[in-house]
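Morning, everyone. I'll keep this short. Have a look at the model on the screen.

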Amino acid sequence: SERASKGLDGLLPPRVVSQETQVQRHIEYIRHFDNMLDKYVYLMGILGRNEKLFFQIVMSNLMELMPVIYTPTVGEACQKFGKVFGGARGMW
């Protein structure tokens with residue numbers, strides 16, 4: 001295979017999943033959370049790993065996710081910053 005001939009076996013995922021499929025999977029998962037703060041923490045995890053995917057998820061579900069990534073959830077996340085800290089991105 002091409003991967004084997006170039007020494008890439010085990011270095012790449014076994015298959016490519018389209019951005020659209022990833023968006024659908026993540027939005028379905030996000031909808032299972034009961035509270036906004038859990039949704040926020042999950043989305044911030046995606047932002048830390050893959051900014052392009054994060055913005056694609058948000059833009060394709062803007063009306064649904066705006067309250068999660070903006071007021072009032074961000075205010076609650078700031079109040080509970082010590083409990084939801086997910087990495088050194090800053091607090092603003």
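How are H2 and H4 oriented to each other, roughly parallel or roughly perpendicular? They are roughly perpendicular, because the angle falls in the band from 65 to 115 degrees; under 35 would be roughly parallel, over 145 roughly antiparallel, and the rest oblique.

First, the ground rules. This is a predicted model, so local features need pLDDT of at least 70 and side-chain atom pairs pLDDT 80 or more, while totals for chains, interfaces and linings use all residues. Residues are numbered from 1 along each chain as its sequence is written, and side-chain values use heavy atoms, with hydrogens and water left out.

Back to the helix pair. H2 covers residues 19-30 and H4 covers residues 51-60. Helices here are DSSP runs of H or I, at least four residues, numbered from the N terminus. The two axes come within 10 Å and cross at roughly 65°. Those axes are lines fitted to C-alpha atoms over the stretch in contact, with angles from 0 to 180 degrees between N-to-C directions. The crossing of H2 past H4 is right-handed, that is, the near helix is turned clockwise from the far one by less than a right angle.

Who makes the contact? On H2: Gln19, Glu20, Gln22, Val23, His26, Ile27 and Ile30. On H4: Lys52, Leu53, Gln56, Ile57 and Ser60. Contact means heavy atoms within 4.5 Å. By class, that is five nonpolar, five polar and two charged residues.

Now pick out His26, in helix H2. Buried or exposed? His26 is buried, at 17% relative accessibility. The cut-offs are under 20% for buried, over 50% for exposed, and partly exposed in between, with a 1.4 Å probe and protein chains only. Beyond neighbours within four places in sequence, His26 touches Tyr42, Ile46, Leu53 and Ile57.

Next, salt bridges. The rule is a side-chain nitrogen of Lys or Arg within 4 Å of a carboxyl oxygen of Asp or Glu. The count is two.

One joins Glu2 and Lys6, at 3.7 Å, N to O. Glu2 is exposed, at 58%. Lys6 is exposed too, at 56%.

The other joins Glu64 and Arg31, at 2.8 Å, N to O. Glu64 is in helix H5, residues 62-69, and Arg31 is in the loop between H2 and helix H3, 36-49, so this pair ties together parts 33 residues apart in sequence. Glu64 is partly exposed, at 32%. Arg31 is partly exposed as well, at 44%.

That's it from me.

How values were computed. Helices (H or I, at least four residues) and strands (E, at least two) are DSSP runs, numbered from the N terminus. Ala, Val, Leu, Ile, Met, Phe, Trp, Tyr, Cys and Pro count as nonpolar, Asp, Glu, Lys and Arg as charged, and the others, Gly among them, as polar.
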